[in-house]
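The following exercises concern selected residues of one protein structure.

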Amino acid sequence: MRNLLRFLTKNSFIFLFVVLEVVAFGMLIQNNNYQNSKFFNSSNFLVGNLYATVNNFNDYFHLKEENQVLADQNARLQSTNVSSFMKVFGRLVQINDTTYLQNYVYSSAKVINNSTNKRQNYITLDKGGINGIRPEMGVISSKGVVGIVKNVSEHFSSVMSVLHEKNKLSAKIKKSGYFGSLVWGNNDYRIADLKDIPNHVNLAIGDTIVTSGFSSIFPENILIGTVKEFDLPEGNNFYNIKVEFSEDYKNISHVYIVRSLLKEEKELLESKNLEGG
């Protein structure tokens, strides 16, 4: 306290000078219209910038919540997209017609763990059994196919990544419809192999590869990637095709889990074919 009083006493003339300057400045603004308007315009400019800066900080710290809201909205939009429905009675039905039957429902999820440098890579999501997630559901992102749900706990789920040597996707060339199997088995997380495309198919670099929709796990025409290179070995009936993934699996944060409402019915029917031989 003594030091404070000593400091104030020692600098009393400076404080008095500052107080008189403030009073003089206030009188100048109050008694002159030009200075008055300039001062308030400047004040409004500074206060406006201050509010904008504060708002920018608030927006930044709320990005996580905003991303989750957007992901949930996208999931709902995906569920209402026409590709999530199937026609019941042929071609002449219209969207929103009651004869359309919903086939796919989407849920958003966040990636909380991910591996890309192993032969068998998995992704962990922050949604589990209490969120309605079940094994064998498809997982996609806004850029393409991600994997298939393998195991589920109460609050989490484990996804067999596309970058898993035992994962095999039914894929097709979008422009021609010819389908084959997409497998990953090399050391490059960006490249996969598309197999079983016959040698008479017209193929070009950059052709789009999408899901075939045959498996009931993924809807048809979900993007997988593009043809990066291909060749036809002499005497071989099928191409060797390298596909560059559209998704960067080293930089993936939000995904959508796809649930087929008709999967069990389709698989039950197909199992009867196997039983019948």
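**Exercise 1.** State in which strand Phe-179 is found, and classify the residue as buried, partly exposed or exposed.

*Solution.* The model is predicted, with local features needing pLDDT of at least 70 and side-chain atom pairs counting only at pLDDT 80 or more, whereas totals for chains, interfaces and linings use all residues. Residues are numbered from 1 along each chain as its sequence is written, and side-chain values use heavy atoms, leaving out hydrogens and water.

Step 1. Phe-179 belongs to strand β9, residues 179-183 (strands are DSSP runs of E, at least two residues, and helices are runs of H or I, at least four, numbered from the N terminus).

Step 2. The relative accessible area of Phe-179 is 47%, so the residue is partly exposed (buried means under 20%, exposed over 50%, partly exposed in between, with a 1.4 Å probe and protein chains only).

**Exercise 2.** Classify Asn-121 in the same way, and identify the backbone atom that its side chain reaches.

*Solution.* Step 1. Asn-121 lies in strand β4, residues 120-125. Because its relative accessible area is 0%, Asn-121 is buried.

Step 1. The side chain of Asn-121 reaches the backbone nitrogen of Thr-116 at 3.2 Å.

Step 2. Leaving aside residues up to four places away in sequence, Asn-121 touches several residues, including Val-159, His-164 and Trp-184 (contact means heavy atoms within 4.5 Å).

**Exercise 3.** Determine which C-alpha separation is found between Phe-179 and Leu-194.

*Solution.* Phe-179 and Leu-194 are 15 residues apart along the chain, and their C-alpha atoms are separated by 9.0 Å.

Note on methods:
Polar contact = N/O pair within 3.5 Å; in protein donor to acceptor, adjacent residues only side chain to side chain.
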